Amino acid sequence: MFEFVEAAYPHPLRTFGEQVLNDSFPTEERPALTDLRARKNPAFHFDIVQDNGIPIGILTHWDFPAFTYIEHFAILEELRNKRLGGCVLDQFTRGNRLVVLEAELPENEIARRRLNFYQRHGLIIAPYPYIQPAYAPDLSPISLFILTTKEVSPDEFEAIKNTLYTEVYKVL
């Protein structure tokens with residue numbers, strides 16, 4: 001079993017987590033560290049994933065009343081392709097709670113592999129268009145997929161999107 005250790009700023013493991021975040025996601029797919037550190041919403045969690053007490057990755061997520069949204073998930077680069085990520089994801093998504101995440105469109109090999117990874121671990125592509133708002137004014141919005149742990153209706157999708165736009169991206 002993996003441990004998910006809350007690393008609210010300025011937790012000692014937060015530097016590790018922020019480095020993994022910066023190394024794993026392009027600028028347009030993550031908030032600036034100053035913005036991330038300023039988050040005080042109790043729904044937001046910055047977790048360090050540990051295996052037997054050793055930090056191996058991050059999982060940032062928001063616990064909303066209707067679903068949990070995984071904002072960022074990454075395993076240390078040197079530990080990738082060892083099935084750790086799949087085991088962590090399976091453990092986190094186990095249960096009846098709806099889990100939601102965003103994924104890039106399959107426009108390159110890495111994005112295709114990432115999408116296949118999520119699908120192998122039970123996530124379903126919601127068949128509705130979705131645009132991730134820009135994390136900062138100087139960045140552009142991105143067309144992404146929403147993936148979920150169960151099929152969602154158009155109304156459920158709209159509710160998910162509105163929650164993300166309101167709570168995470170602050171555009172509504």
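Phe44, Trp62, Phe64 and Phe67 form one aromatic cluster. Rings of Phe, Tyr and Trp (its six-membered ring) count as a pair if their centres lie within 6.5 Å, and by this rule there are nine aromatic pairs.

This is a predicted model, where local features need pLDDT of at least 70, side-chain atom pairs count only at pLDDT 80 or more, and totals for chains, interfaces and linings use all residues. Residues are numbered from 1 along each chain as its sequence is written, and side-chain values use heavy atoms, with hydrogens and water left out.

Two rings also have a charge sitting over them, meaning that NZ of Lys or CZ of Arg is within 6 Å of the ring centre and within 35 degrees of the ring normal:

| Charged residue | Ring | Distance from ring centre |
|---|---|---|
| Arg14 | Phe46 | 4.0 Å |
| Arg39 | Phe44 | 4.6 Å |

Now meet the largest nonpolar core. Such a core is a set of buried (under 20% relative accessible area, 1.4 Å probe, protein chains only) Ala, Val, Leu, Ile, Met, Phe, Trp, Tyr and Cys residues joined through side-chain atoms within 4.5 Å. Among its 33 residues, Phe64, Phe67, Tyr69, Tyr130, Leu164 and Tyr169 touch the most other members. Helix α5 (154–168) is one of the elements that give two or more residues to this core, and α5 gives the most, with five. Helices are DSSP runs (H or I, at least four residues), numbered from the N terminus.

Phe67 has contacts (heavy atoms within 4.5 Å) that include Trp62, Ile160 and Leu164.

Finally, eight of the ten residues of α3 (residues 84–93) are buried, so this helix is largely enclosed by the rest of the structure.

How values were computed. Buried means under 20% relative accessible area, exposed over 50%, partly exposed in between (1.4 Å probe, protein chains only). Rings of Phe, Tyr and Trp (its six-membered ring) pair if their centres lie within 6.5 Å; planes under 30 degrees apart count as stacked, over 60 as edge-to-face and the rest as tilted. Lists of a residue's contacts leave out its neighbours within four places in sequence.
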